[in-house]
Amino acid sequence: MSQTDDRAHADVAPGDEYAHEEFGSGLRSYLIGLALALLLTAASFWVTHTQVMWAPAIPVALLTFAIAQMGVHLVFFLHLTSGPDNTNNIMALAFGVLIVFLLFGGSVWIMHHMNTNMMAPIEGGVRMPLQKGVPLQPGPGMPMQHGGGGHH
């Protein structure tokens, strides 16, 4: 096979170089990646500083730009592809994403349950004892609750 046939069937990420290629071809892909990263960063700042976009859609746009920029960095700078040579890298990336998801999702889940189950009752709201059998002590600004048994 010729060199062009090898290249057509090879799993090559942008920036990957063959030994016989000159220096400039690899540099070109780094410059493309840099330009894309700068463009995505500038787009993020532009979205937040203009009134063009509907305000509730701005976080979605920023998240989209951030994910796109992660893809640019993975492909153009880390040369991550889905080929057989990069299986370990893909598995490490998937494991990292899983760990981040577990940390972030678990933290949000724990904070939600702590907020639901451990918040002090509000004045005029429903009184819930924090611990079964232990009466709730009134805090400053909370109305005093009379002991049971008396008639008013």
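Reader: In which helix is L98 found?

Author: Happy to start there: L98 is found in helix 4, residues 87-118. Helices here are DSSP runs of H or I with at least four residues, strands are runs of E with at least two, and both are numbered from the N terminus. Before we go on, this is a predicted model, in which local features need pLDDT of at least 70, side-chain atom pairs count only at pLDDT 80 or more, and totals for chains, interfaces and linings use all residues. Residues are numbered from 1 along each chain as its sequence is written, and side-chain values use heavy atoms, with hydrogens and water left out.

Reader: Is L98 buried, partly exposed or exposed, and why?

Author: The general idea is a scale of relative accessible area: under 20% is buried, over 50% is exposed, and in between is partly exposed (1.4 Å probe, protein chains only). L98 has 43%, so L98 is partly exposed.

Reader: How should I read S44 and L63 on that scale, and why?

Author: S44 is buried because its relative accessible area is 18%, whereas L63 counts as exposed because its relative accessibility is 53%. S44 has its place in helix 2, and L63 sits in helix 3, residues 58-77.

Reader: Which residues does S44 touch?

Author: Contact means heavy atoms within 4.5 Å. Leaving aside residues up to four places away in sequence, S44 touches L62 and F65.

Reader: How do I read an aromatic pair?

Author: Two aromatic rings are described by the distance of the centres and the angle of the planes. Rings of Phe, Tyr and Trp (its six-membered ring) pair if their centres lie within 6.5 Å; planes under 30 degrees apart count as stacked, over 60 as edge-to-face and the rest as tilted. The count by this rule is one aromatic pair. Y30 and F77 form a stacked pair, at 6.1 Å centre to centre and 15° between the planes. This pair links distant parts of the chain, as Y30 is in helix 2 (residues 23-49) and F77 in helix 3, 47 residues apart.

Reader: What does UniProt list as "transmembrane region"?

Author: The unreviewed UniProt entry lists residues 30-48, 60-78 and 90-111. UniProt positions are given in the numbering used here, feature names are shortened, and annotations may be inferred rather than shown by experiment. In the model, residues 60-78 are 95% helix and 0% strand, with end C-alpha atoms 26 Å apart. Residues 90-111 are 100% helix and 0% strand, and their end C-alpha atoms lie 31 Å apart.
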